[in-house]
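Hi,

Here is the structure I promised to pass on.

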Amino acid sequence: MSDRRSAAKRDPSWLAGALIALAVLYFVLVLLLPLVTVFAEALRRGFGEYFAALQEPDALAAIRLTLLVAAIAVPLNTVFGLAAAWAVTKFQFWGKSALLTLIDLPFSISPVISGLVFVLLYGARGWFGPLLDQYDIHVIFSVTGVVLATVLVTLPFVARELIPLMQAQGSDEEAAAATLGASGWRTFFLVTLPNIKWALMYGVLLCTARAMGEFGAVAVVSGHIRGETATMPLHVEILYNEYSFVAAFAVASLLALFALVTLAVKSLLEARFAQQLAAQRWR
Amino acid sequence: MTRPLWRCVELGRRMLLAAGLAALAACGAPQQSSPSAPVRLLNVSYDPTREFYREANQVFAQHWAAEHPGQAQIEIEMSHGGSGRQARAVLDGLEADVVTLAVPYDIDQIAASGLIATDWRGRLPHNSAPYTSTMVFLVRHGNPKNIHDWSDLVRDDVAVITPNPKTSGGARWNYLAAWGYALRQPGGNAASAREFVRRLYAHVPVLDTGARGSTTTFAQRGIGDVLITWENEAFLALQEFGETQFEIVVPSVSILAEPSVALVDRNVDQHGTRAAAEAYLNFLYTPEAQELAAKHFFRPSDPSVLARHADTFRQIPLFTVDEVFGTWADVHRTHFADGAIFDQITAGVRRQ
């Protein structure tokens, strides 16, 4: 211990100082300043205008739509992520690695592409567009399209959080439950779920943050109709383009606030259940 | 420990069901319409018309309510973006009742797919252009780079901001205005015009996708020495950012830009909104709307309204696309189609 410390001390102090300064500078420039700017710009003309901007009907509609999209996409991807992680980690089957790669796909493709594929599939000139049109079903440039694009983009978050943990835990406990005569559901809720609940919570939080913040994919399928198909990130862009900088940053600050709350909840959970997490998180 | 979890499962199952139902209801809601619900028109427009239509829509809605007492009110929804991108969205299924785009060619594109009658340009007065504009320069206060005409834009020390003509209507007018200027110079011909435009785009550091993006790049982010833009956009920038920051330079000659409007036949017939959409477009030609257009710095098509604002809109020689370039289909094929002149010159600029 003391050896190691003296070895570390052999670095010249100016180097240590410079490295720390560099790290702090990087942190301030890349993370802290943008965050401060968002709030500073939003409050530039005081709290009155800030709250007025957030209570404007189109802003409220954007907030509602964003929450609705998250409320649909997150449960769907939670169920999917659980099912996928369960299938991948507790069973052996043909095509498993292909499935794993597919789950990761939304991480690696650009969100713009994620949006465009839906236009190419369900747009008026897309593969299924004319068919859907006959039944008066409109997917693209409607709330449905926004939800679909968000579901695609946020698909991997829960699954990716669960798979490594469940792989590490193995299926011994489930096998034991099965030998004791528990049904599949009972095994899942009494054995698997308690083991993975923190990782699941973490995945859901990340998924929620991304669902609310997604811009690229949603921008392609949205149609940008104020108060109707504009989510909060899109509404920020609209306001910015209308020279309403205070309003734009006010809505942006609300998004940032959502993200901060998400992080705070996560930290709180981690602090409170540090031991359980340490025992369960293998990554 | 395990008992409550089981109870949670039961509760969770019920909540999931409820959430699912709520989501379905929410998804279904926008499609439903009851007889007392307001008539909704979607106007898909280009970038710089935001402020004009915000005001014009309110006035039109009031007129509509006054003229149709006891009937459903009218609500006009707006979608703004680069003109070419907006036309694409309508083609891909964005259900516009009316389109008010920057370039007639964009409406021609929608018409070619059968959504709009191909003779749309003749359906309304003034080639379906209720307001016109032209392309001018916005420079930094005091005109530090001494920019007065198109020829100054290709000087070595000048950085020019203009959007991408592949996606932006305003950018196409910019490009054609520069081309037309070069043609009018002594000894000007297609080759010299092409060379002039190539040199111009070699001076462009940022090609935004829409006119408003370019204005923000120039005004808010402080990039470039001169912004080529719509006259109305330049006036608006002066108004938004203050006259102490920028000034407008009107070149010796420019193009008559005819942003055009049309109702989307197939969509209005599907929505049953043809009468409202027609009334809306005709309203744009009324003296009241023409005054609003002038207020937002569009040149009114009504000569008497234009005359009232003669001190705002400087009279300079304006050439039209029909005079210099022929039809919009020709313009597109020669200049903006994939692999056409714009692609060739920007590929050349990138190689340098």
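Let me start with Asn143(B), which touches His148(B), Glu247(B) and Val249(B), leaving aside residues up to four places away in sequence (contact means heavy atoms within 4.5 Å). Asn143(B) is buried, at a relative accessible area of 10% (buried is under 20%, exposed over 50%, partly exposed in between, with a 1.4 Å probe and protein chains only). A polar atom of the Asn143(B) side chain lies 2.8 Å from the backbone oxygen of Ile147(B).

Before going on, the ground rules: this is a predicted model, where local features need pLDDT of at least 70, side-chain atom pairs count only at pLDDT 80 or more, and totals for chains, interfaces and linings use all residues. Residues are numbered from 1 along each chain as its sequence is written, chains are lettered from A and ligands numbered from 1 in the order written, and side-chain values use heavy atoms, without hydrogens and water.

Asn143(B) sits in the loop between β5 (135-140) and β6 (160-161) of chain B (helices, H or I, of at least four residues and strands, E, of at least two are DSSP runs, numbered from the N terminus). In chain B, four strands make an open sheet with mixed pairing, ordered β6-β7-β5-β8 (two strands pair if DSSP finds at least two bridges between them). Its edge strands are β6 and β8 (246-249) of chain B, each pairing on one side only. β6(B) runs parallel to β7 (residues 226-230) of chain B, joined by two bridges, and Ile161(B) has Leu227(B) as its bridge partner in β7(B).

Cheers

Notes
A polar contact is a pair of N or O atoms within 3.5 Å; within protein, one must be able to donate a hydrogen and the other to accept it, and residues adjacent in sequence count only if both atoms are side-chain atoms.
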